[in-house]
Amino acid sequence: MTTIIKASGISKQYKIDKTTFVQALEDINIEIKQGEFVCVMGASGSGKSTLIQILTTIDKPTKGTLSLDGRSKLEMQYDLSDFRYQNLGFVFQDLNLLDEYTVFENIALPVLMRDGKNKSMNDYVIQLANKLGIESLLYKYPTECSGGEQQRIAIARALVNHPKILVADEPTGNLDSITVKAIMNVFRSLNQEGTTILMVTHDSYLASYSDRMLHLKSGKIVDEIAKQNRTQEEYFNKITEINSKHNL
Amino acid sequence: METVRLALKSLKYDTKKTKSYFLFQIFLSIAICLCCHFCADFGTYIQNIPGYEYSVFIINHVYFISQTFPPTTMFSIFLLFALVMLGFYAFQFIYQEQSKKIAVFRIGGVNTRKIVLFLFMYLLPITLTAMIVGTLLGFIFVQLLNYLIFSFSEAIYPGIQFSTDGIAITIMILFIQMIYYIILTYGFVYRNEIKDVLNYNNNGNSLSNVRILQENKPFRIIFTLIGLTFIMYLLIKAGNILSANIILGCTAIGIIMKTLIKDIIIPIITKIKRTKYYQKTNGYFGYSFTISNLVRSYGLIFVLSILYQFGVCLIVFFKDDAVDLSISVVLFLIATLAVVISIGFQLLTAAKRKKKEYFELFRIGKTNRDIKSIIKYDLSLFLIIVFLVSNIFPLITFGRSLFDGTITLGLMMVIIGIYSIELLVLYFIVKKNYYRIVKIDN
C-alpha cells in the first residue's frame with residue numbers, strides 16, 4: 001500500500017500574547033497508508049483537532065514537514081483548493097450545513113461552485129443519497145431534517161467530489177446509538193471501497209471500527225494500537241484499556 | 001452561472017441580515033453625491049450669488065476650484081476619501097455573516113476566484129440598488145440644498161440645475177467604491193486562513209486577518225502621509241493658508257488624541273478592573289467591552305475626531321456667511337454621521353466576537369438583567385470617552401472664539417448638542433442590537 005499522508009516532526013505553537021505560547025503539538029510523526037482507517041483519540045485539548053487540521057492543509061505547522069499523496073505542502077501551496085477538491089472530504093462536528101440551500105444543493109455545493117450543474121454530478125448525488133438513505137430528502141431544507149439525517153447529508157457532501165481521504169471530526173456528535181451504528185457502517189463500507197478515513201473521536205466504540213488508533217496526550221502521540229487480527233470486541237477492549245491508562 | 005444563482009439565493013434568504021448594510025450604503029451614496037456636488041458643482045451656482053467674494057475669479061468652476069480651493073471644497077474631498085474608506089466597516093460586518101459559507105466553500109476545494117465571484121454577486125444587487133436609490137436621493141437633496149442656499153443669500157433661485165461634472169464625478173466615485181469592494185472581498189478571502197474562519201463561525205473567535213488596514217501599520221502611515229501631503233500641496237498651491245493650518249492643526253491634535261487613547265486612557269481603564277463593579281461582573285466591566293472596543297476603534301475615533309474638529313472649525317469660521325455656513329453644517333452632519341454609523345457597525349461586529357465571553361457570564365449565573373446592565377454601563381463609558389476625546393480640540397477653538405467674541409455660547413451648545421444627539425442615538429441602537437446578538441445563541 002502506498003503512503004498517502006506522511007508527517008515528520010510536526011509541531012504547532014499558538015501565540016497567546018507577546019510572551020505566552022501554547023504548545024498544541026510536539027514532534028508528531030505519522031504515516032498513513034492509502035485505504036487505511038485511522039482513528040485519533042485523546043482528552044479535550046490534547047491536540048486532536050489541531051493534528052487533523054494540519055494533516056489536511058487547514059492549518060499550518062510551526063515546525064515539521066507534511067507530504068500528502070506524495071506531494072509536499074510547499075509544492076501544493078499554489079493550488080491547495082484543487083488539491084482539497086481532488087483528495088479531501090470533510091465531515092465536521094458542527095456539520096456546517098447551509099440552511100438556505102436544499103439538501104441536494106448542500107451535498108453538491110463544492111461541485112456546483114466549481115464546475116456548475118451537470119448530469120453525471122446529478123446522478124452521483126442521487127446515488128450517494130440512495131446509499132445513505134436520504135434520497136427522499138433531496139429537495140427539503142436542512143432545518144426540516146433530523147440530526148441523523150443532517151449528519152448523513154454532511155457525509156454525502158464530503159463524498160461528492162470522490163475524495164481519496166475522508167476526514168471526520170467527531171462525526172456522530174450526540175446522535176442515538178442506532179444512527180451512530182448506521183453511520184459507522186457507511187464509513188466501513190467506504191473504507192472497504194478504498195477511501196482512506198481519518199477520524200477524531202472520544203468514543204472507544206467508534207474507534208473500534210478503525211484499523212489503527214493513535215492516542216494523543218498534551219500534543220504528543222503517547223500510544224498507538226493496530227487492529228491486526230483482533231475481533232472488533234477484542235480491539236474495543238484493548239482501546240478501552242489504553243484510554244483508561246491515560247485517564248480518558 | 002451556478003455560483004451566481006447560489007449567491008442570489010443566499011442573498012434572498014439573508015434579506016433581513018443585510019438591511020443595515022443596505023441603509024448604510026444608501027447613506028453613503030447620498031453623502032458621496034453631496035460631497036461631489038460641493039467639489040464639482042460649487043462654482044455653478046455660486047456665480048449667481050451677487051457680491052460673493054470669489055465670484056470675480058469665476059470663469060468656469062474648474063478654474064475657480066483650482067484657483068481658490070475654499071475650505072468647504074477641500075473638506076468635501078477629504079470627506080469623500082473618508083466615506084469610501086468607511087464602507088470597509090459595513091463590508092466587514094457583511095463578510096463576517098458569510099464566514100460559515102466561505103469556510104465550507106474553501107474546505108470543499110472551491111478556489112478564491114469563485115468565492116470572490118460568489119461574494120461579489122451576493123453584494124452587487126444590494127450595493128447597486130442602494131447606490132442608485134442613494135444617488136437619486138442625493139440629487140434631490142442637492143437641488144433642495146441649492147434652493148435653501150439661494151434663499152439664505154437672498155439671491156434669485158435659478159431653478160433646477162444639473163451639473164454634468166457633478167454627475168460624472170459621482171458615477172466615478174461610486175465606480176471606485178465598487179472596485180474597492182472587489183479588492184476588499186479578494187483581500188478578505190485570500191488573507192484569512194480556513195481555520196480562522198471556521199473558529200470564528202463556531203466559537204466566535206476573532207478573524208485575526210480581517211482588519212487589513214488596521215493591522216498594516218506601515219501601509220496605514222504611508223497612506224496617511226501621501227494623503228496629507230497631497231492635500232497640503234493643493235492647499236498651499238491654491239494659496240489657502242487658512243485651510244492648510246486647519247488640516248495641519250486637526251491632524252496634529254488627532255495624532256495626540258490617538259496617543260491619549262492608546263497610551264493613557266486605555267491603561268487607566270485597565271485599572272478599573274480592580275473596582276467593585278469589575279468584581280461584581282467577574283471582570284467583564286472595562287475589559288470585555290470598553291478596552292477591547294477602544295483598542296479596535298481608536299483608528300475610527302481618530303477619523304471621527306479629525307472630521308468633527310474640521311467641521312467645527314468650518315462652522316466657527318463661516319458663522320457669518322449664510323452660504324458657507326449652510327455647506328459647513330451639511331458637511332459636518334455627513335462627516336460625523338458617517339463615522340458614528342461606522343463605529344456602530346464596528347461595535348456590533350465586536351458583539352459577534354464576544355458571544356462566547358457573554359455566554360460564560362450566563363454560565364456563572366448572570367441573568368439577562370445583569371447582562372443588559374453590563375452592556376449599558378460599558379457602552380456609556382465607551383461613548384463618553386469617544387465624546388470627550390473628539391471634543392478636546394473643538395473646546396480649545398470654542399474657548400478662543402468665545403474669548404474673542406467671534407462665537408456665541410448658543411452656537412457652541414448647538415454644535416456640541418448635535419454631536420451629542422448623534423452619539424445618543426448610536427447608544428440606543430447599539431445597546432438594543434448588541435444585547436440581541438449576544439443573547440440569541442445563549
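1. Aromatic pairs first: over all chains, the structure holds 10 of them. A pair here means rings of Phe, Tyr or Trp (its six-membered ring) with centres within 6.5 Å; planes under 30 degrees apart count as stacked, over 60 as edge-to-face and the rest as tilted. Tyr308(B) and Tyr419(B) are stacked because their ring centres are 4.0 Å apart and their planes sit at 25°. This pair links distant parts of the chain, 111 residues apart: Tyr308(B) is in helix α13 (residues 290-317) of chain B and Tyr419(B) in helix α16 (residues 409-440) of chain B. Helices (H or I, at least four residues) and strands (E, at least two) are DSSP runs, numbered from the N terminus.

2. A word on the ground rules. This is a predicted model, where local features need pLDDT of at least 70 and side-chain atom pairs count only at pLDDT 80 or more, while totals for chains, interfaces and linings use all residues. Residues are numbered from 1 along each chain as its sequence is written, chains are lettered from A and ligands numbered from 1 in the order in which they are written, and side-chain values use heavy atoms, leaving out hydrogens and water.

3. Back to Tyr419(B), which also stacks with Phe387(B), at 5.9 Å centre to centre and 20° between the planes. Phe387(B) belongs to helix α15 (residues 368-404) of chain B, 32 residues away from Tyr419(B).

4. How buried is Tyr419(B)? Its relative accessible area is 0%, so Tyr419(B) counts as buried, whereas Phe387(B), at 25%, is partly exposed. The cut-offs: buried is under 20% relative accessible area, exposed over 50%, partly exposed in between (1.4 Å probe, protein chains only).

5. Beyond its neighbours within four places in sequence, Ser342(B) is in contact (heavy atoms within 4.5 Å) with Phe24(B), Leu86(B), Tyr89(B) and Leu300(B).

6. Over in chain A, strand β1 (residues 3-15) runs antiparallel to strand β2 (residues 21-33), with 9 bridges joining them. Strands pair if DSSP finds at least two bridges between them. Gln13(A) has Gln23(A) in β2(A) as its bridge partner. β1(A) also pairs in the antiparallel sense with strand β4 (residues 63-68) of chain A, over 5 bridges, and there Lys6(A) stands opposite Ser67(A).
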